[in-house]
Amino acid sequence: MTAIAAPLDVSSRGRLRSIRPGLIWTLVRTDFKARYHGTLGGFLWALLKPMCMFIVLMGVFSFLFASNPTYKLDLIVGLFLWDFFAEGTKSGLTALHARGYLLTKASVPSWILVVTSISNALITLAVFTVVMTVFLAGAGHMPSPSALGAFACYCLALTAIVVGFSLAASVLFLRYRDLNQVWEVVLQAGFFIAPIIYPLDILPERFHFYLYVWPPTPVIEFSRSVLVAGVMPTARGHAYLAMDAAACLLVGIAIFRQLSPRAAEFV
Amino acid sequence: MAVIDVDRVSKAFQIPSVHRQTVREHLLGVFEPRRFQRLQVLDEVSFEVRQGEALGIMGRNGSGKSTLLKLLCGVYMPDSGRVTVSAPITPVLELGVGWNPELDAIDNVLLIGSVMGLSLADIRRSMDEILAFAELERFANLKLKHYSSGMSERLGYAVAFKAVRDVLVLDEIFAVGDAGFKARCETKYRELRASGHTAIIVSHDPRVVATFCDRALLLDGGRILFEGTPQEISQRYVSTLTAAAVQPQSAASTAS
């Protein structure tokens, strides 16, 4: 039997601040296992979707943009980052609902349920980073260590954006059960708003600002800039991305803090 | 010394005249305002549980028992009042429905065990014991979607009895499994109590409350109606049930 702890007011969810590594690891591992049937083959099968997408788009659009010698490299960078954004936000949005069976059983830190739900998308991104680096090296564009470092920072910013979105959307999804369908439509439009299959400079410059408001755009453009063109974006650009990521994360945390204490009542 | 202090706790749910759960329903119903009915589930409930004591909570369906347990365990937040807990609680709420059907028993035990606060090393060390208690050693690698409700409930109790830290909160204990499993649960419960664990038991069964509790409460309409010895409360609970069953009949005979 454990010793008596200091009195705790459970009316204020204070204890939910505690981080439990065992719980985090179990959630990540079981999520991976449930999704990919616990096998490497299942995981590789999941990688097939974006790979096939890449091959099809490359086959079709490389003819259209034949004048752009780095089109294939730009496409692979854009597509893999987009895949992380789309998969991460979709998993995050339904995280509390999908793990509602844990939320109603004990005083479990609900933010951990949301944050760990994007772990699969993160693992896929890590694998794709290796695939992408090999592809770039094969095409004679081996990224420098500083380029890879900058790319890691952009991935971190995108992760903050995905986490911020997931925190807010997961609690809202418990109240609005068709948000996943709405988000599917937004993602479909967002795929074309972000310059993934086309180079940004085919659009008039006056529209660029609007495209940069869509969070994946600066991440994709900056990543291409450092990995493919070998050019570091401006400090102003970096400041914009950092502020964008921080704003998404803070707004997400604020909405989550407001709504999550009563999340179990809506499961 | 009180390990749980419930001080004037109230909880109400707003029940809408029309349930709207989607963005589409909210948009289409924007010109049709809903009426909300306030359902007061708990109303200024106060009590305390002392270290090493077993408290029974009885009451009819809808009297607020399950909501009260969820408030004690930190699953729900009270609208007003305070719940102060000075010891770790292991809740056993609605067992048998809290599993991931796509995972086998071992992974589910790891998941629920870590949610209940056990370390992974502790769970792995106790895995054989947990499976043996639930008599599920042969089905350890079977996905939970293939389990019967009885099997998954047995597994739930086996994990909870292993995970118990200080206070054990049990919703309808000993209502699971066959006679052999119930006897094992009762033995385990007595062992835990003998080693000084505190327990809160919600039950409809007067025998359970009278046998396994030191003190009991009778909840009705979200308020504590009586507080006393388990035998007293069990009798009063049976009387309220009888009165509730007689009232509609006498009303019907008066009307005729």
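Which are the buried residues of H3(B)? They are Ala105(B), Asp107(B), Asn108(B), Val109(B), Leu110(B), Leu111(B), Ile112(B), Gly113(B), Ser114(B) and Val115(B). Buried means that 20 or more other C-beta atoms, placed from the backbone, lie within 10 Å of the residue's own. Helices are DSSP runs of H or I of at least four residues, strands are E runs of at least two, and both are numbered from the N terminus.

This is a predicted model, in which local features need pLDDT of at least 70, side-chain atom pairs count only at pLDDT 80 or more, and totals for chains, interfaces and linings use all residues. Residues are numbered from 1 along each chain as its sequence is written, while chains are lettered from A and ligands numbered from 1 in the order in which they are written.

After H3(B) comes Gly117(B), with a positive phi near 105 degrees.

I turn to the chain contact. Chain A contributes 35 residues and chain B 39, contact being C-beta atoms, placed from the backbone, within 7 Å. On the side of chain A, H1(A) gives the most, with seven residues.

Finally, the sheet. In chain B, six strands form an open, mixed sheet in the order E5-E6-E7-E3-E8-E9, where pairing requires at least two DSSP bridges. E5 and E9 of chain B each have a single partner strand, so one side of each lacks a neighbour in the sheet.

Note on methods. A residue is buried if 20 or more other C-beta atoms lie within 10 Å of its own, exposed if 12 or fewer, and partly exposed in between; C-beta atoms are placed from the backbone. Two residues are in contact if their C-beta atoms, placed from the backbone, lie within 7 Å.
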